[in-house]
Amino acid sequence: MSIGEAPRDRSWTARLRTRAEHALPPEKLLPDRQPAYVASWIYVFGALTIAALVCLVASGMVLGLKGPAWWHVTGIGRFFNGVHLWSVEIFFFTMVVHLWGKFWMGAWRGGRSLTWVAGAVTFLISIAAAFTGYLSQQNFDAQWISTQAKDGLNSVGIGAFFNVTNFGQMYTFHVILLPVAVVLLTAWHVLLVRRNGVVPPYVRALADERAVGEERA
Amino acid sequence: MALPGIGALARMPLGAVFDLSGRPRYVHWHFFQMSVTNLLVIVLMVVVFCAAILLPFPHRRAER
């Protein structure tokens with residue numbers, strides 16, 4: 001160890017690395033096998049939601065770089081506008097089916113409450129992201145939605161700092177703040193799933209509890 | 001018998017599936033009011049949810 005160098009076991013990078021390796025070893029982070037009960041169509045909707053999110057972000061980046069005149073007037077601009085719209089339709093469609101599936105299988109069981117909460121918060125923020133997207137269209141639809149929404153938001157006291165008639169503010173929320181929040185929360189949600197594993201079905205969990213009880217007896 | 005034209009098809013309740021830019025249609029029953037388009041999407045989500053539970057998954061490979 002040279003002069004001025006912190007001991008490796010006490011530096012924050014070493015502690016962070018040790019903690020990350022302990023929480024998510026490579027075989028947990030990128031598993032190549034899953035339990036048998038995961039072989040069901042209901043388990044694919046989380047991955048489909050992420051696929052739709054990738055299409056959403058990619059098409060949104062193109063739209064943001066080219067601007068409103070391009071996405072309203074040119075053929076290719078309308079195509080990307082359509083890709084962005086249908087990506088969000090599929091994103092919410094698959095996310096809701098994923099949510100229903102996880103609700104009915106009690107996905108918060110076995111110490112997975114944080115995974116459930118991260119998913120639920122991502123869902124709520126996604127609604128805000130979609131809402132600000134409708135306000136950022138730069139057309140009569142956006143004007144109509146903003147003038148309808150402003151009274152409701154003013155009545156609950158948040159209109160002063162969340163002004164739906166302020167295009168710049170809504171656009172910033174839509175292309176920076178909310179997408180970053182959704183992507184980070186999604187990443188955290190996936191890491192929690194990797195760490196804690198997929199929730200077993202109720203029947204399997206009961207069988208495991210019985211087996212543990214019999215071993216103790 | 002003459003086949004119905006596109007206009008007649010669009011006026012049918014099922015026309016909302018094909019013509020999403022037309023005049024919106026609503027289902028109104030007591031307090032419940034929803035556009036036909038939104039209702040169709042919700043019905044489709046329920047159908048897909050049931051299918052995902054009931055349909056067998058291909059290449060089932062058990063680990064344990």
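Leu184(A) belongs to helix α8 of chain A; helices are DSSP runs of H or I with at least four residues, strands are runs of E with at least two, and both are numbered from the N terminus. Between the C-alpha atoms of Leu184(A) and Thr122(A) there are 9.1 Å in space, against 62 residues in sequence.

The model is predicted: local features require pLDDT of at least 70 and side-chain atom pairs pLDDT 80 or more, while totals for chains, interfaces and linings use all residues. Residues are numbered from 1 along each chain as its sequence is written, and chains are lettered from A and ligands numbered from 1 in the order in which they are written.

Helix α8(A) holds 30 residues and spans 41 Å from its first C-alpha to its last, close to the expected 44 Å, which is 1.5 Å times one less than the number of residues. At Phe173(A) α8(A) bends by about 45°, the angle between axes fitted to the seven residues ending there and the seven starting there. Just after α8(A), Gly197(A) has a positive phi of about 80°.

Buried positions of α8(A) include Met170(A), Phe173(A), His174(A), Pro179(A) and Leu192(A). The buried residues of this helix pack against α3 (45–66) and α6 of chain A, contact meaning C-beta atoms, placed from the backbone, within 7 Å.

The largest nonpolar core has seven residues: Ala129(A), Leu135(A), Val164(A), Met170(A), Phe173(A), Leu178(A) and Val182(A). Such a core is a set of buried Ala, Val, Leu, Ile, Met, Phe, Trp, Tyr and Cys residues joined through C-beta atoms within 7 Å. Helices α6 (113–135) and α8 (167–196) of chain A each give two or more residues to this core, and α8(A) gives the most, with four. Leaving aside residues up to four places away in sequence, Leu178(A) touches Ile125(A), Ala128(A), Ala129(A), Thr132(A) and Phe173(A).

The contact between the chains takes 14 residues from chain A and twelve residues from chain B. On the side of chain A that touches chain B, helix α5 (residues 75–104) of chain A supplies the largest share, five residues.

In chain B, strands β1 (residues 26–29) and β2 (residues 32–35) run antiparallel, joined by four bridges; pairing requires at least two DSSP bridges. Val27(B) has Met34(B) as its bridge partner in β2(B).

Terms used:
A residue is buried if 20 or more other C-beta atoms lie within 10 Å of its own, exposed if 12 or fewer, and partly exposed in between; C-beta atoms are placed from the backbone. Two residues are in contact if their C-beta atoms, placed from the backbone, lie within 7 Å.
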